[in-house]
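Hi there,

Here is the structure I promised to pass on to you. Please have a look at it first, and then read on for my notes.

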Amino acid sequence: MKTATKRKTKRQAPFEEEHGAAFAEYTQRGGEAALGRAYGLGRRAINEKKSLMEIASLHHRALHGRLAGLKGGARHQKLLAAAAEFLAETLSPYEMAHRGVQDAIAALRQLNETLEEEIKRIAYAVHDEAGQILVAVHLALADVARELPKPQKEKVGRIEELLNQVEKQLRRYSHELRPTVLDDLGWIPAIRFLAEGVSKRANLRIQIKTTVAGRLPGPVEIALYRIVQEALTNAARHSKASRVWIRIGRKNRIFCCSIEDDGVGFDVQAVQSDGKRRGLGLIAMQERLNGIGGTLSIESARGRGTRLLIQLPAETQNANSHRVS
Amino acid sequence: MPAEEVEVAISSDQDIVLARQKGRAMAVELGFSSGDATLIATAISELARNILSYARRGKISLKMVHASNRQGISIIASDSGPGIRDIRQAMRDGFSTSGSLGLGLPGVRRLMDEFEIASEPGHGTIVTVKKWKQ
């Protein structure tokens, strides 16, 4: 019998109560623990979609309460109320901008998902639909060849060979777009397959060194594959590199993957802020990683090659673990 | 008690202040939290500022709205200025005079629950927004 496992949720005190308690603790006794609670409250507020102004107003109510209990504190009540209103006003544009950023992040996530679907569709079209047309062409050619004298038959044979190459190449593109290897064998074999193709096409020597094996949860594998794919595309397209090193390993509880090339490098800050395709590519990589709890660091300078380092807490490798926010 | 409906002519910074004041009073009267009242005042500021920068003059109408199960405030900003040629562009982040990401009209859209914009080049612009009490 299947037993439903219920996640035990600690009953949370209402936000204002918890806030008031933590505030009282800190203002009476101080200490990092109370500040930690404050930080936790900030995270909770974001999750519960509380606006910056609500937080400001809570803060001031708590301050109000504390002050009322102090000798002579009542004198400052009016000043405090005015200060609260004033602060809320100055925070209001930040709240507006904050909502804009949240919208943009949500849109980017959505875009990634849509893109993945689209890629799947194209990979299928290239592989299956184009493949079927090619089969029909083969059959038609065979029909034609049957009625031809030998010298022309040989010419048709050469066309067939070219068609075979087209078919092979299409299959390869389709597999690189959305490798079945990725679903069947995991992201490391998928990256090996991808690297092999890029290496031939772009004349790059790509070395892969890995000290870990095994599968990661599906979304994590797709994200990592896409990031390595983007990195290799960048290396092939912009870096003028001749060699690329991909290293995959694990240090303590952190899972690392680095992609390094010996190319011309670039000014990281300039590219990241220029908003053009390449800058967006880097932002999209970062965003993909945010989605799975990872981080990206980019080391590069003109003439010094490029190194991308992906780091991911090892817990996210466990397919059964869920993110607790 | 404030009226159910108020209109403020906008042609100067002082008028913006008046519109904010009326809007905030109406929001408080309707029982909005002080945080939400601030957001409503902010939306009024942005809409009024738009009127000043693009049309020079116009008006802000504030109205209490009652639906079967909820109450809210509606803000209508109208002008007969040059109008907006490309509304989609005007609604894009970073396009407005503010230049900053997330402010201007797209910012207002995010602060409010409902947002409607109509504009005809040469005939002016009407922006209607509503916020419902949670």
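Below are my notes on the sheet, the helices and the chain contact.

One thing to keep in mind from the start: this is a predicted model.

**The sheet in chain A**

Chain A has an open sheet of 5 strands in the order β1-β2-β3-β5-β4, with mixed pairing. Its edge strands are β1 and β4 (295-300), each of which pairs on one side only. From one strand to the next, the twist averages 10 degrees.

Two of the strand pairs are worth a look in your viewer. Strand β1 (residues 205-210) of chain A runs parallel to strand β2 (residues 243-251) of chain A, and the two are joined over 6 bridges. Between β1(A) and β2(A), the chain goes through helix α8 (residues 218-238) of chain A, and this β-α-β crossover is left-handed.

Helix α7 (residues 187-202) of chain A lies across β1 and β2 of chain A and runs at about 165 degrees to β1(A).

Which way does α3(A) run relative to α4(A), roughly parallel or roughly antiparallel? The axes of helix α3 (residues 52-68) of chain A and helix α4 (residues 77-146) of chain A come within 7 Å and cross at roughly 160 degrees. Angles over 145 degrees count as roughly antiparallel, so that is how α3(A) lies to α4(A). The crossing of α3(A) past α4(A) is right-handed.

On the α3(A) side, the contact includes A:Leu52, A:Met53, A:Ala56 and A:His60. Among the residues they meet in α4(A) are A:Leu80, A:Ala84, A:Leu87 and A:His98. By class, this contact between α3(A) and α4(A) has 11 nonpolar, 6 polar and 1 charged residues.

α3(A) has a contact with α1(A) as well. The axes of helix α1 (residues 15-29) of chain A and α3(A) come within 10 Å and cross at roughly 50 degrees, and the two helices are therefore oblique to each other. α1(A) passes α3(A) in a right-handed crossing. From α1(A), A:Glu16, A:His19, A:Gly20, A:Phe23, A:Ala24 and A:Thr27 take part, and they meet A:Leu58, A:Ala62 and A:Arg66 in α3(A). These residues divide into 4 nonpolar, 3 polar and 2 charged.

**Where the chains touch**

The contact between the chains takes 15 residues from chain A and 14 residues from chain B. On the chain B side, α2 (34-55) and α4 (104-111) each supply at least two residues. The largest share of that side, 5 residues, comes from α2(B). Sorted by class, the chain B residues that touch chain A are 5 nonpolar, 7 polar and 2 charged.

Happy to talk any of this through when you have had a look.

Best wishes

How values were computed
Residues are numbered from 1 along each chain as its sequence is written. Chains are lettered from A and ligands numbered from 1 in the order in which they are written. This is a predicted model: local features need pLDDT of at least 70, side-chain atom pairs count only at pLDDT 80 or more; totals for chains, interfaces and linings use all residues. Two strands pair if DSSP finds at least two bridges between them. Helices (H or I, at least four residues) and strands (E, at least two) are DSSP runs, numbered from the N terminus. A crossover is right-handed if, with the strands pointing away from the viewer, the path from the first strand over the helix to the second runs clockwise. Axes are lines fitted to C-alpha atoms, for helices over the stretch in contact, and angles run from 0 to 180 degrees between N-to-C directions. Angles under 35 degrees count as roughly parallel, over 145 as roughly antiparallel, 65 to 115 as roughly perpendicular and the rest as oblique. A crossing is left-handed if the near helix is turned anticlockwise from the far one by less than a right angle, and right-handed if clockwise. Two residues are in contact if their C-beta atoms, placed from the backbone, lie within 7 Å. Ala, Val, Leu, Ile, Met, Phe, Trp, Tyr, Cys and Pro count as nonpolar, Asp, Glu, Lys and Arg as charged, and the others, Gly among them, as polar.
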